[in-house]
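This report walks through selected features of one structure. Please look at the sequence and the 3D view before reading on.

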Amino acid sequence: MRWLHTSDWHLGRGFHGHSLREEQEQMLEALCTAVAEHAVDVVLIAGDVYDRALPPEWAVAALEGCLQRLVDAGVQVIITPGNHDSAARLGFGRGLMRRSGVHIRSSLEDAWIPVEFTEPTGGTTLVYGVPYLEPQLFAPALGLERAHHTGVTAEVIRRIWADAEARRAAAETAAAETVKGPLTVILMAHLFAAHGAASDSERNIGVDVAAGDAPAHHEDTIGGLTVVPLELFAGFDYVALGHLHGRQRLSTTVRYSGSPLRYSFSETHQAKGAWLWDSGTRDSAQPLDWSIGRPLAQLEGTLEELLGEEPVLTHRDSFVQVKLTDSVRPERAFQRVQESYPHLASFTHTGRQDASHRTYSAKVEQARTDTEVIEGFLEHVRGGRGPSPEERELIDQGLQAVRP
């Protein structure tokens with residue numbers, strides 16, 4: 001059997017105020033094309049199918065269309081919700097969809113009830129899909145006193161192995177006189193695993209120390225995020241993770257597929273796509289590369305440098321992040337940059353001013369006249385650029401008009 005591991009579609013998400021509907025529809029088309037091209041049998045979607053609990057209508061319709069194409073092609077699909085999804089809404093109709101080959105594992109009990117496949121070679125593959133489990137909500141149901149991602153994940157995995165071993169024993173008993181094929185166990189989960197590289201666009205899976213969710217070990221948190229140790233995944237033949245947006249390999253068997261699209265400038269240089277592998281080949285997963293949507297560009301320099309012919313020709317069609325370094329903010333800087341880069345997504349002026357004029361309050365304290373107060377305000381909001389001669393004339397006229 002051939003498998004494809006993907007995650008973090010975030011259907012309905014935008015990019016700094018720009019709609020990504022067209023790009024996300026292209027992403028689903030690329031997925032369906034890849035499944036057909038590579039003769040994929042099973043697609044694993046490890047969480048964050050949608051970007052929010054109440055996705056836009058077009059995103060729901062797009063997901064339905066994609067799943068319909070996969071089912072019509074005879075492909076089995078296993079979906080787990082992530083921390084952006086509403087598990088209850090994503091799991092609507094899962095009993096009906098299971099009959100068509102779409103398996104949505106959206107409840108706690110689903111985590112240790114596998115989707116079972118019989119391999120053409122005679123072996124059996126068990127896929128355990130673990131939905132995102134908020135510790136504060138699910139720790140009590142698991143009989144845990146402390147609400148912590150590591151503890152919740154460890155308990156769920158313990159139950160998964162108990163189920164897998166019971167199924168293995170039952171199969172061996174039933175087939176005692178026959179030749180038995182191997183048992184393959186695959187885990188799907190949406191979490192932050194140790195040694196994973198994060199970006200700016202993942203919503204924090206955090207630790208609420210005030211609520212008693214203090215980590216058991218100092219390595220359980222990195223950058224404010226709760227981290228699950230890799231040791232918990234020992235023994236699985238493949239671990240298909242979601243949550244981190246960069247495609248990455250954490251160990252021989254543990255991988256993140258990453259998001260198929262770039263959702264922040266911190267993902268500019270990340271590999272994007274999915275993982276593809278065949279059953280019975282433990283460490284043979286191959287990256288499937290996708291290049292979908294506009295490229296990203298991070299530009300830094302003076303206005304004159306950024307409006308030069310070469311950078312404009314190179315990045316005009318990209319989503320652009322601009323950091324302007326002029327010591328004084330040029331007139332109409334934002335408008336001029338936007339005219340050259342129509343897909344401008346982020347603009348900041350980082351120029352340094354004299355230390356004595358860093359704050360508007362300092363300017364007001366030093367001002368001796370009403371005119372100087374107004375000029376100080378303009379310098380403050382313009383990044384150091386004061387009024388032009390024409391503006392000074394208007395200021396004088398305005399002040400004269402209001403004076404008794």
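Arginine 168 is partly exposed, at a relative accessible area of 29% (buried means under 20% relative accessible area, exposed over 50%, partly exposed in between, with a 1.4 Å probe and protein chains only). The model is predicted: local features need pLDDT of at least 70 and side-chain atom pairs count only at pLDDT 80 or more, while totals for chains, interfaces and linings use all residues. Residues are numbered from 1 along each chain as its sequence is written, and side-chain values use heavy atoms, with hydrogens and water left out.

Arginine 168 forms a salt bridge with glutamate 165, and their closest N and O atoms are 3.3 Å apart (a salt bridge is a side-chain nitrogen of Lys or Arg within 4 Å of a carboxyl oxygen of Asp or Glu). The two residues are three apart in helix α6, so about one helical turn separates them (helices are DSSP runs of H or I with at least four residues, strands are runs of E with at least two, and both are numbered from the N terminus). Glutamate 165 is partly exposed, at 37%. Salt bridges that share partners join Glu116, Asp163 and Arg167 into one network.

In the pair of glutamate 116 and arginine 167, the closest N and O atoms are 3.7 Å apart.

## A link between helices α1 and α2

The structure holds 13 salt bridges. One of them joins glutamate 29 to arginine 69, with the closest N and O atoms 2.6 Å apart. Glutamate 29 is in helix α1 and arginine 69 in helix α2, 40 residues apart, so the pair links distant parts of the chain. Glutamate 29 is partly exposed, with a relative accessible area of 40%.

Helix α1 (residues 21-37) also contains glutamine 24. Glutamine 24 is buried, at a relative accessible area of 0%. Leaving out residues up to four places away in sequence, its contacts (heavy atoms within 4.5 Å) include Trp9, Trp58 and Tyr263.

## Strand β5 and its neighbours

Four of the five residues of strand β5 (residues 76-80) are buried, so the rest of the structure largely encloses this strand. Strand β5 pairs with β4 (residues 42-46) in the parallel sense over five bridges (two strands pair if DSSP finds at least two bridges between them). Parallel pairing also joins β5 to β6 (residues 102-104), over three bridges. Isoleucine 78 of β5 is the bridge partner of leucine 44 and stands opposite histidine 103 in β6.
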